[in-house]
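Welcome! Let's get to know this structure through a few questions and answers.

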Amino acid sequence: MDEGAYQGAVMNINEVKYNKKDYLPLLLLADEQENMIDRYLNRGTMYVLQDNGVKAVCVVTDEGSEVLELKNIAVVPKYQRSGYGRRLIDFIIDTYQDLYDCLYVGTGDSSLTVPFYKKCGFVKSHTVKNFFIDNYNAPIYEDGKQLVDMVYLKFALKQKL
């Protein structure tokens, strides 16, 4: 296992430094357009969660000014709602809490994703109007609703004293 890997009871999380595109099918579950993934994949830090095989991946990027952004998090469909996404977020928080002020995540205004992030401790920050319409070649639907605006949520990594 790589240095700096996280080990839980039966799972481990490791950084992926090479061949990140090997995980493209999984990344496309969270970001449906490959050229959008290409915008952040090489500059981001990627992690894979394994538990008797790959269960989830995520990519985080340094956005400057002590801001970290969770650009992609995806769980293999048959393992969704099993705690793997939450485990990855907890890992990111634990790993970066002393290095960054806050962690942002941008997502569609969906009844599937926004409540998940709120449950993980994120709070609404701001919205980018028409993000999905302006940046994607085809409409994206989640839970039967077309995604239009990007909703950003924020998690305070450093607790202000």
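Q: Is Asp90 buried, partly exposed or exposed?
A: This is a predicted model, and the accessibility of Asp90 is computed from it as 24% in relative terms. Buried means under 20% and exposed means over 50%, with partly exposed in between. Asp90, at 24%, therefore counts as partly exposed.

Q: Is Arg87 buried or exposed?
A: The relative accessibility of Arg87 is 15%, and the cut-off for buried is under 20%. Arg87 therefore counts as buried.

Q: What residue forms a salt bridge with Asp149?
A: Asp149 sits in the loop between strand S9 (145-146) and S10, and its partner in the loop between strand S7 (123-128) and H5. The pair links distant parts of the chain, 20 residues apart. The closest N and O atoms are 3.6 Å apart, and the partner is Lys129.

Q: Is Lys129 buried or exposed?
A: The relative accessibility of Lys129 is 59%. Exposed means over 50%, so Lys129 counts as exposed.

Q: Why does the salt bridge between Lys21 and Asp38 tie together separate parts, and how many residues apart in sequence are they?
A: The closest N and O atoms of Lys21 and Asp38 are 2.8 Å apart. Lys21 lies in the loop between strand S2 (12-16) and H1, while Asp38 lies in helix H2 (residues 34-38), so the pair ties together parts of the chain. Both ends are partly exposed, Lys21 with a relative accessible area of 37% and Asp38 at 39%. The separation in sequence is 17 residues.

Q: Which residues are linked with Lys21 in a network of salt bridges?
A: The structure holds nine salt bridges, and one of them joins Lys21 with Asp38. A further residue belongs to this network. The residues linked with Lys21 are Asp38 and Glu34.

Q: How far away is the nearest side chain of opposite charge from Lys55?
A: Lys55 is in strand S4 (residues 54-62), and it is buried yet has no salt bridge. Beyond residues up to four places away in sequence, Lys55 touches Leu49, Ala74, Val75, Val76, Tyr79 and Tyr84.

Q: Is Ala56 buried or exposed?
A: Ala56 lies in strand S4. Leaving aside neighbours within four places in sequence, Ala56 is in contact with Leu26, Tyr47, Val48, Leu49, Ala74, Val75, Tyr84 and Leu88. Its relative accessibility is 0%, so Ala56 counts as buried.

Q: How far apart in space are Pro25 and Ala74, C-alpha to C-alpha?
A: Pro25 is found in helix H1 and is exposed, with a relative accessible area of 61%. In sequence, Pro25 and Ala74 are 49 residues apart. In space, their C-alpha atoms are 9.8 Å apart.

Q: Which element gives the largest share of the lining of the largest pocket?
A: About 1,200 Å³ of space lies in the largest pocket. Of the 43 residues that line it, the closest to its centre are Ala30, Ile73, Thr107, Thr113 and Tyr117. The elements that give two or more residues to this lining include helix H1 (24-30), strand S5 (67-75) and helix H3 (84-96). The largest share, seven residues, comes from S5.

Q: How many nonpolar residues does the lining of the largest pocket have?
A: By class, the lining has nine polar and ten charged residues. The number of nonpolar residues is 24.

Q: What is the phi of Ser65?
A: Ser65 is found in the loop between S4 and S5 and is exposed, with a relative accessible area of 71%. Most residues other than glycine have a negative phi. Ser65 is a residue other than glycine with a positive value, near 55 degrees.

How values were computed
Residues numbered from 1 in each chain as written. Predicted model: local features only at pLDDT ≥ 70, side-chain atom pairs only at ≥ 80, totals over all residues. Heavy atoms only, no water. Helix = DSSP H or I, 4+ residues; strand = E, 2+ residues; numbered from the N terminus. Buried < 20%, exposed > 50% of the residue type's maximum accessible area, 1.4 Å probe, protein only. Lys, Arg positive; Asp, Glu negative; His and termini not counted. Salt bridge = Lys/Arg side-chain N within 4 Å of Asp/Glu carboxyl O. Contact = heavy atoms within 4.5 Å. 1 Å grid on protein atoms, 1.4 Å probe; cavity = no way out; pocket = protein on both sides within 12 Å on 5 of 7 lines; lining within 4 Å. Points joined across faces, edges and corners; volume = space filled by probe spheres on them. Nonpolar A, V, L, I, M, F, W, Y, C, P; charged D, E, K, R; others polar.
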